[in-house]
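Open the model and follow the chain with me.

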Amino acid sequence: MKEFNYDLDYKNLDLCAHPELYRVGRGEQGVLLVEPYKSEILPHWRFATPDIALESSETIYQMFLDYLADDDFVGADMARKFIQMGFTRARRYANHKGGKKYKGAVPDDKKGQSGAHGREELPRQEEDPIKAESARIFKQKWDMCRENADYIKLKETHRKRYQDK
């Protein structure tokens, strides 16, 4: 499997028109890069409270289903990534007041990429129950995405067609 390609000019690239360039990668890689999906999904992505997380996750999950209905794997995968990011960011804020997980700034050559990049993880604080509930809400939708038979089929087709070459 090929890794997510961070070297493409995502600001000027429409991956809806060029799905052959899309690489799933791991986890949330590329979630804030891939257009037009970032611009379509990001305005709906929120997790501050359980009510907000519920509305956000339901909206983005419906987008996921709509992309699947259009046989748009890239869109469905990006919606899945936003839902996954709703879970991971809400968990981060549940564990670290202010959401800061690592000590120090992200190295300049790693901006836009997830990971510690050699930085020390800060100690967890007392869990914020509101953010923990927001995370639980997104986790339910994330599980639904990963288990969706149409998503699994489109992902396999995409990888065979474009990534395994």
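This is a predicted model: local features need pLDDT of at least 70, side-chain atom pairs count only at pLDDT 80 or more; totals for chains, interfaces and linings use all residues.

Residues are numbered from 1 along each chain as its sequence is written, and side-chain values use heavy atoms, with hydrogens and water left out.

Start with the fold. The protein has five helices and zero strands. Both element types are DSSP runs, numbered from the N terminus: helices are H or I with at least four residues, strands are E with at least two. From the N terminus on, the order is α-α-α-α-α. The radius of gyration is 16 Å, close to the 15 Å that the globule rule gives for 165 residues, so the protein is as compact as a globular protein of that length. That radius is taken over C-alpha atoms, and the rule is 2.2 Å times the number of residues to the power 0.38. Along the principal axes, the C-alpha trace spans about 45 × 35 × 25 Å.

Next, packing and surface. Of the 165 residues, 39% count as buried. Buried means under 20% relative accessible area, exposed over 50%, and partly exposed in between (1.4 Å probe, protein chains only). Take the contacts (heavy atoms within 4.5 Å) with a separation of 6 or more: residues 24 or more positions apart account for 67% of them. The protein exposes about 9300 Å², and carbon and sulfur atoms supply 49% of that area. Areas come from the Shrake-Rupley method with a 1.4 Å probe; for residues, only the protein chains shown count as cover.

Now the charges. There are 30 positive and 29 negative side chains, and the centres of the two sets lie 5 Å apart. Lys and Arg count as positive, Asp and Glu as negative; His and the chain ends are not counted. Each charge is placed at NZ of Lys, CZ of Arg, CG of Asp or CD of Glu.

Side chains of opposite charge can pair when their charged atoms come close. How many salt bridges does a search of the whole structure find? It finds eight. The criterion is a side-chain nitrogen of Lys or Arg within 4 Å of a carboxyl oxygen of Asp or Glu.

One of them joins Glu28 and Arg89, at 2.9 Å from N to O. Glu28 lies in the segment before helix 1 (37–41) and Arg89 in helix 3 (residues 73–95), so the pair ties together parts 61 residues apart in sequence. Glu28 is buried at 12% relative accessibility. Arg89 is partly exposed at 22%.

Glu127 and Arg91 form another salt bridge, at 2.8 Å from N to O. This pair also links distant parts of the chain: Glu127 sits in the loop between helix 3 and helix 4 (129–147), Arg91 in helix 3, 36 residues apart. Glu127 is partly exposed at 42%, and Arg91 is partly exposed at 21%.

Lys160 and Glu156 pair within helix 5 (residues 149–163), four residues apart, about one turn of the helix. Their closest N and O atoms are 3.1 Å apart. Lys160 is exposed at 54%; Glu156 is partly exposed at 44%. Elsewhere, salt bridges that share partners join Lys139, Asp143 and Arg146 into one network.

Finish with the backbone. A cis peptide bond joins Glu35 and Pro36, with omega about 10°. Pro36 is in the segment before helix 1. Asp71 has phi near 55°, a positive value in a residue other than glycine. Asp71 sits in the loop between helix 2 (50–69) and helix 3, and is exposed at 59%.
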